[in-house]
Amino acid sequence: MPETSLKVELLSHTPEPDLTAATAGHICYANATIDELKKKVTPDYAKKLISHLVEAGHFSVLEHVSFTFGIEGISRACSHQLVRHRIASYSQQSQRYVDEESFNYIVPPKIKSNPSALKKFTDSIESSRKAYVEMLEISPKEDARFLLPNAAETRIVVTMNTRSLYNFFEHRLCTRAQWEIRQLAEAMLEECKKVAPLLFNSVGPKCERLGYCTEKKSCGRKPSKTEFFKKN
Ligand SMILES: Cc1cc2nc3c(=O)[nH]c(=O)nc-3n(C[C@H](O)[C@H](O)[C@H](O)COP(=O)(O)OP(=O)(O)OC[C@H]3O[C@@H](n4cnc5c(N)ncnc54)[C@H](O)[C@@H]3O)c2cc1C
């Protein structure tokens, strides 16, 4: 079965995400009815308010806006990293119920670009597949799946609110995050920007917000925390 690649689709989201977040923010500061609030929160006003809310760290208002993504073409290694983000809802294709005889798989780019590594990789995948198929004859799927590789493709539906997405993007757009989840985060962010530009246009890795890098080994894009505080 073939190698596969990432596909991310935004399945649904809270209607008018930017305006909904801004309306939730505005109610905190205004003695106004809901009808009055809705009139006041124009796109221009929402732009100013959202930037103020984000700068002030008033992130709870972002929880009113959620996004649901359909994701395929990621490895089980990547989905394991994804589901570490607990403030989210997940539904994942089950290896207990779905027959994985013809599983697709993900090849890491560094392995793909090295012919001898690629051969070892695909030989190993095919040998796992063979063992899995043989095991299916003598044991249930839920046990045979123990032989499947981390490279096996999975499909997952994920719902996160905007606050949790900010946290996810800050962690997973960092160059220290692994290439696969970084690609996934980039694709999810692109989808968010299409429907909620005010909320997502300035979202990036954590160092963009802080101005310095918190990782032990920086990629060099931003100064280390010590360098930053020496200068400022
Ligand atoms: C580059 C990189 C390397 C990593 N390496 C490792 C590793 O080697 N080993 C490893 O185990 N993980 C590793 N992780 C995963 C990481 O530790 C987090 O589990 C993951 O990024 C999810 O982040 P989170 O907990 O902030 O997200 P969520 O689970 O979505 O939580 C969001 C926020 O909610 C709050 N929160 C959630 N649950 C609790 C709670 N129980 N108590 C208090 N507050 C809570 C916290 O403020 C948290 O930041 C790595 C992540 C990255 C980006």
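In α1, the buried residues are Pro17, Asp18, Leu19, Thr20, Ala21, Ala22, Thr23, Ala24, Gly25 and His26. The model is predicted. With 10 of its 13 residues buried, α1 is largely enclosed by the rest of the structure. Across the 232 residues of the protein, 29% count as buried.

**Overall layout**

- The protein contains 12 helices and 4 strands.
- Its C-alpha trace spans about 70 × 45 × 25 Å along the principal axes.
- Counting contacts between residues at least 6 apart in sequence, 74% join residues at least 24 apart.

- Ala21, one of the buried residues of α1, touches Ile50, Val61, Leu62, His64, Val65, Thr162 and Leu199, leaving aside residues up to four places away in sequence.
- Glu16 sits in the loop between β1 and α1 (17-29).
- The phi angle of Glu16 is near 45°, which is a positive value in a residue other than glycine.
- Glu16 counts as partly exposed because it has 16 C-beta neighbours inside 10 Å, and a residue needs 20 or more to be buried.

**The sheet**

- The 4 strands form an open sheet in the order β1-β2-β4-β3, with antiparallel pairing.
- β1 (7-13) and β3 (89-92) are the edge strands; each has a single partner strand, so one side of each is left without a neighbour in the sheet.
- On average, neighbouring strands of this sheet are turned by 20° against each other, direction ignored.
- Helix α8 (residues 162-172) packs on the sheet and touches both β2 and β4 (153-161). The direction of α8 makes about 125° with that of β4.
- β1 pairs with β2 (residues 66-75) in the antiparallel sense over 6 bridges.
- Within this pairing, Glu9 has Gly70 of β2 as its bridge partner, and His13 has Phe67 of β2.
- Of the 10 residues of β2, 7 are buried, so β2 is largely enclosed by the rest of the structure.

**The nonpolar core**

- The largest nonpolar core has 43 residues, and Ala21, Ile50, Leu184 and Ala185 have the most contacts inside it.
- Elements that each supply at least two residues of this core are the helices α1, α3 (43-56), α4 (76-82), α8, α9 (179-195) and α10 (197-200), together with the strands β2 and β4.
- The helix α9 gives the most to this core, with 6 residues.
- Two of the residues with the most contacts in the core, Ala21 and Ile50, touch each other.

**The ligand shell**

- Around the ligand stand Arg84, His85, Arg86 and Ile87, then Ser164, Asn167, His171, Arg172, Cys174, Arg176 and Ala177.
- By class, this shell has 4 charged, 4 polar and 3 nonpolar residues.
- The shell includes Ser164, Asn167, His171 and Arg172, which fall within the residue range 162-172 of α8.

How values were computed:
Residues are numbered from 1 along each chain as its sequence is written. This is a predicted model: local features need pLDDT of at least 70, side-chain atom pairs count only at pLDDT 80 or more; totals for chains, interfaces and linings use all residues. A residue is near a molecule or strand if its C-beta atom, placed from the backbone, lies within 6 Å of it. Ala, Val, Leu, Ile, Met, Phe, Trp, Tyr, Cys and Pro count as nonpolar, Asp, Glu, Lys and Arg as charged, and the others, Gly among them, as polar. A residue is buried if 20 or more other C-beta atoms lie within 10 Å of its own, exposed if 12 or fewer, and partly exposed in between; C-beta atoms are placed from the backbone. Two residues are in contact if their C-beta atoms, placed from the backbone, lie within 7 Å. Two strands pair if DSSP finds at least two bridges between them. Axes are lines fitted to C-alpha atoms, for helices over the stretch in contact, and angles run from 0 to 180 degrees between N-to-C directions. A nonpolar core is a set of buried Ala, Val, Leu, Ile, Met, Phe, Trp, Tyr and Cys residues joined through C-beta atoms within 7 Å.
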